[in-house]
Amino acid sequence: LHIVHLATPEPLPALRAARREGLRITVETCPHYLSFCAEQIGDGRTEFKCAPPIRERIHQEGLWLALLAGDLDLVTTDHSPAPPALKHLDDGDFTMAWGGIASLQLGLGAVWTEAARRGVSLDRASRWLSGAPAALAGLAATKGTIAVEHDADLVIFDPDIEASVDARRLEHRHPVTPYHGMRLRGVVHKTLLRGRVIYDDGRVVGEPRGRPILARTATISLS
């Protein structure tokens, strides 16, 4: 099983040809490639640095077209946090800055903001962010879908409220984010893990309840 990560849509003809030959290829992209374009990034704005880098608007729109057409299978966070010093926020040195964006907490709102603007249903966005990743990881029997005998991993989400991102309110240890000040659509009110509330309107509730959910199947990651 080959996993291909896309920041631009140029490889799609080759991927389509490979799929026609019967090769099992899964294609993903990330919230920041769907939310930002190079024209928005000013000099020294190292909080935007990631690998591959964010491209021009034409590529951003191309990724959305590919996602809507079914060429891209899923959206993953590619969560890559770093301390402010490693991001070189003070001197804006792109050559030395850590290449990664912390998207875990903001991924749902970021994707939904752009998806809703394009008339995409919340159900479809949920499949990109939840159902398809669970299937790829070999966890479709228990994760990624609201169904009998599946884990009650749920988000109570208002899709219509807009709110501005405040980096100081993020739960990341190092809340460095290019989303700071950006208005995103949708607010998470509660999060349930296996039926238990673990997040309640801005508060993390109870003790950590995570557990390993690794599948037995192996994957090869290509970039």
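Hi everyone, let me start with one residue. At 17% relative accessibility, His59 counts as buried, because the cut-off for buried is under 20%. His59 sits in helix α3. Which residues does His59 contact, leaving aside its neighbours within four places in sequence? They are Thr8, Pro9 and Glu10. Please keep in mind throughout that this is a predicted model.

Now let's step back and look at the whole chain. How many helices and strands does the chain have? There are six helices and eight strands.

What about overall dimensions? The C-alpha trace spans about 50 × 50 × 35 Å along its principal axes. For 223 residues, a compact globule would have a radius of gyration near 17 Å, and the chain has 18 Å, so the two agree. Of those 223 residues, 35% count as buried. The accessible surface comes to about 12,700 Å², and carbon and sulfur atoms account for 55% of that.

Here is something on how the chain folds back on itself. Take the contacts between residues at least 6 apart in sequence: 65% of them join residues at least 24 apart. And for the charges, there are 26 positive and 27 negative ones, with mean positions 4 Å apart.

Strands pair through backbone hydrogen bonds, either parallel or antiparallel. Which order do the four strands of the open sheet follow? The order is β4-β5-β6-β7, and the pairing is antiparallel. The edge strands are β4 and β7, each pairing on one side only.

Let's go through the sheet pair by pair. β4 and strand β5, residues 183-193, are joined by eight bridges and run antiparallel. One place to look is Leu154, whose bridge partner in β5 is Leu192. Then β5 and β6 are joined by four bridges, again antiparallel. There, Thr191 has Tyr199 of β6 as its bridge partner. These two strands form a hairpin with two residues between them, and Arg194 in the turn has a positive phi of about 50°. Finally, β6, residues 196-200, pairs with β7 over two bridges in the antiparallel sense. In that pair, the bridge partner of Asp200 is Arg203 in β7.

Most residues other than glycine have a negative phi, and most peptide bonds are trans. What is the phi of His88? It is near 50°, a positive value in a residue other than glycine. His88 is in the loop between α4 (84-87) and α5 (107-117). Glu149 also has a positive phi, near 70°, and lies in the loop between α6 (122-136) and β4 (154-164). Is Glu149 buried or exposed? With 72% relative accessibility, Glu149 counts as exposed, because the cut-off for exposed is over 50%.

And the peptide bonds? The one from Ala51 to Pro52 is cis, with omega near 0°. You will find Pro52 in the loop between α2 (31-35) and α3 (57-69).

My last stop is Gln105, in the loop between α4 and α5. Gln105 is partly exposed, with a relative accessible area of 35%. Not counting residues up to four places away in sequence, Gln105 touches Arg169, Leu170, Glu171 and His172. How far is the C-alpha atom of Gln105 from that of His5, 100 residues away along the chain? The separation is 20 Å.

Terms used:
Residues are numbered from 1 along each chain as its sequence is written. This is a predicted model: local features need pLDDT of at least 70, side-chain atom pairs count only at pLDDT 80 or more; totals for chains, interfaces and linings use all residues. Side-chain values use heavy atoms; hydrogens and water are left out. The radius of gyration is taken over C-alpha atoms; the globule rule is 2.2 Å times the number of residues to the power 0.38. Buried means under 20% relative accessible area, exposed over 50%, partly exposed in between (1.4 Å probe, protein chains only). Contact means heavy atoms within 4.5 Å. Accessible areas come from the Shrake-Rupley method with a 1.4 Å probe; for residues, only the protein chains shown count as cover. Lys and Arg count as positive and Asp and Glu as negative; His and the chain ends are not counted. The place of a charge is taken as NZ of Lys, CZ of Arg, CG of Asp or CD of Glu. Two strands pair if DSSP finds at least two bridges between them.
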